[in-house]
Amino acid sequence: MIFSSVPFLYYFLPMTLLVYFLVPRAFKNAVLMCASLLFYGWGEPRYLILMVISVAVGYIGGLLIEKYRGTKAALWLTWITVGILLSFLAYFKYANFFIDNFNAITGLSVSFLRIALPVGISFYTFQILSYDVDVYRGDVKAQRNVVDLAAYVTMFPQLIAGPIVRYSDIEVQLRERTHTFEKISAGIRRFVIGLGKKILIADVMAALCDTFRASDEKSVLFYWMYAIAFCLNIYFDFSGYSDMAIGLGKILGFNFLENFNYPYISASVTEFWRRWHMSLGSWFRDYVYIPLGGNRVSKPRWFFNIFVVWMLTGFWHGAAWNFILWGLLFAVLLVIEKLFLLKALNKLKVLNHVYVLFFVMISFVLFNAADLPQAYSDVVSLFGAGGLPLVSQETLYYLQSYMWIFLAAIIGATPLPKTVVGKLMNTKVGSAIGTVLEPLVLIGLLTVMTAYLVDGSFSPFLYFRF
């Protein structure tokens, strides 16, 4: 089940919220857990058992780690728990990747495993890992109520594609949280805006990317249109999901941390990664980079730590070499910036943004390729390799057709709309008008998007693949 679907919007969500708000506070986590398991099992019932086992491993591991905290046994229990959880991820997500590379190196023909990637496994595995490691560090107490822990891990608003919510961030909220009209209305507003990002912008950009792939009249301009379209597609798709997750969290009484902060206005790659998928970046910082020594080591070891983190970041996104190269590309750029480029970028006012957008577009072309040959072909074609024409009639047709949605998406990826609306709402007249118009606008948006969903085709979120 996905957020941008009629069954979720008009059946699952209303029924879940009705039951959730009717039951006493003591049973709300149980309702949330059951609803989340139904939400996940709707599309992949066979993988419910994997999720339940993962929760059980995290729960039992947390209790044992806390029991023996301060002893070597706690360290061994932590490694065992982490090892079991990572083995699930390695088997289901990376086994065929390792088999493929083993065959390529040895010349053998080991058969691939007939397994599918369980949706959301990368996200909920990282959440359980952070919980158990935090218990070992003494940052949180082990959760003795298995229902509360399961509600945290399986919580449907952020289960499939994040943000990666730390147990430490919502530990108190699992026990006691407030439900107010203001919080619910803010959650509804955030959810509808996120849904609009997905349906009205991300899906339209995805359609252009599909059209580009199917085209027999590609040109250099068409490749750049594709690069820009995919950058906008992945941003509005993923940030839209995060908005919906944060909005649903508010409706349910939770406060999830932000996951995006207008990354495309960044003036350096370093800043970009402080604004893009912030929950993942902070996870790798706290559970990989800092334990490796961070920057409090010799310079060669520091750079080694950066490369390890970014290789793992790329590998986390997918079991393919183009994802690893995507991560390593950012490692190279970040090291260069730390060595000397960052000071120069700070003195620039326009070229620094151009530099960031250029490399981000190149990186996402690499990211979205089916394999390395296609990645190479796509990147070199951006610069006219292979005798591509600069432009074609088909390119001009699609440029004209998508011009206004491009413009709206580019503006929407900046703080400008939020700033303008904020200034208008700060005036007495604007506030009065906004109070009346906001519900009407949200209802109108939801109506239009429902029409799209009824008339359109299935369009899963990009990060369902990871």
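Reader: What percentage of the 466 residues in the protein chain do buried residues make up?

Author: A residue is called buried when its relative accessible area is under 20%, exposed when it is over 50%, and partly exposed in between (1.4 Å probe, protein chains only). In this predicted model, buried residues make up 51% of the 466 residues in the protein chain. Residues are numbered from 1 along each chain as its sequence is written, and side-chain values use heavy atoms, with hydrogens and water left out. As the model is predicted, local features need pLDDT of at least 70 and side-chain atom pairs count only at pLDDT 80 or more, while totals for chains, interfaces and linings use all residues.

Reader: How many helices and strands are there in the protein chain?

Author: Helices (H or I, at least four residues) and strands (E, at least two) are DSSP runs, numbered from the N terminus. The protein chain has 18 helices and zero strands.

Reader: What does the radius of gyration of the protein chain agree with?

Author: The radius of gyration is taken over C-alpha atoms, and the globule rule is 2.2 Å times the number of residues to the power 0.38. For 466 residues, a compact globule would have a value near 23 Å, and the protein chain agrees, because its radius of gyration is 23 Å. The C-alpha trace spans about 65 × 65 × 50 Å along its principal axes.

Reader: Which share of the contacts joins residues at least 24 apart?

Author: A contact means heavy atoms within 4.5 Å. Taking contacts between residues at least 6 apart in sequence, 77% join residues at least 24 apart.

Reader: Which residues touch the most other members of the largest nonpolar core?

Author: A nonpolar core is a set of buried Ala, Val, Leu, Ile, Met, Phe, Trp, Tyr and Cys residues joined through side-chain atoms within 4.5 Å. The largest one here has 137 residues, and Phe8, Tyr264 and Phe364 touch the most other members. Helix H9 (residues 220–251) supplies the largest share of this core, 19 residues. Leaving out residues up to four places away in sequence, Phe364 touches Phe230, Cys231, Ile234, Tyr264, Phe272, Trp276 and Trp326.

Reader: Is Asn322 buried or exposed?

Author: Asn322 counts as buried, because its relative accessibility is 2%. Asn322 belongs to helix H13 (residues 321–347). Its contacts, not counting residues up to four places away in sequence, are Leu366, Phe367, Ala369 and Leu372.

Reader: Why does Ala408 count as partly exposed?

Author: Ala408 has 41% relative accessibility and therefore counts as partly exposed. Ala408 lies in helix H16 (residues 393–412). Ala408 and Ile201 are 207 residues apart along the chain, and their C-alpha atoms are separated by 8.5 Å.

Reader: Where is the place of Ala385?

Author: Ala385 sits in the loop between helix H15 (372–381) and H16. At 31% relative accessibility, Ala385 counts as partly exposed. From C-alpha to C-alpha, Ala385 and Val220 are 8.8 Å apart in space, although they are 165 residues apart in sequence.

Reader: In which helix is Pro439 found?

Author: Pro439 is part of helix H18 (residues 428–455). With 39% relative accessibility, Pro439 counts as partly exposed. The C-alpha atoms of Pro439 and Ile188 are separated by 9.9 Å, and the two residues are 251 residues apart along the chain.
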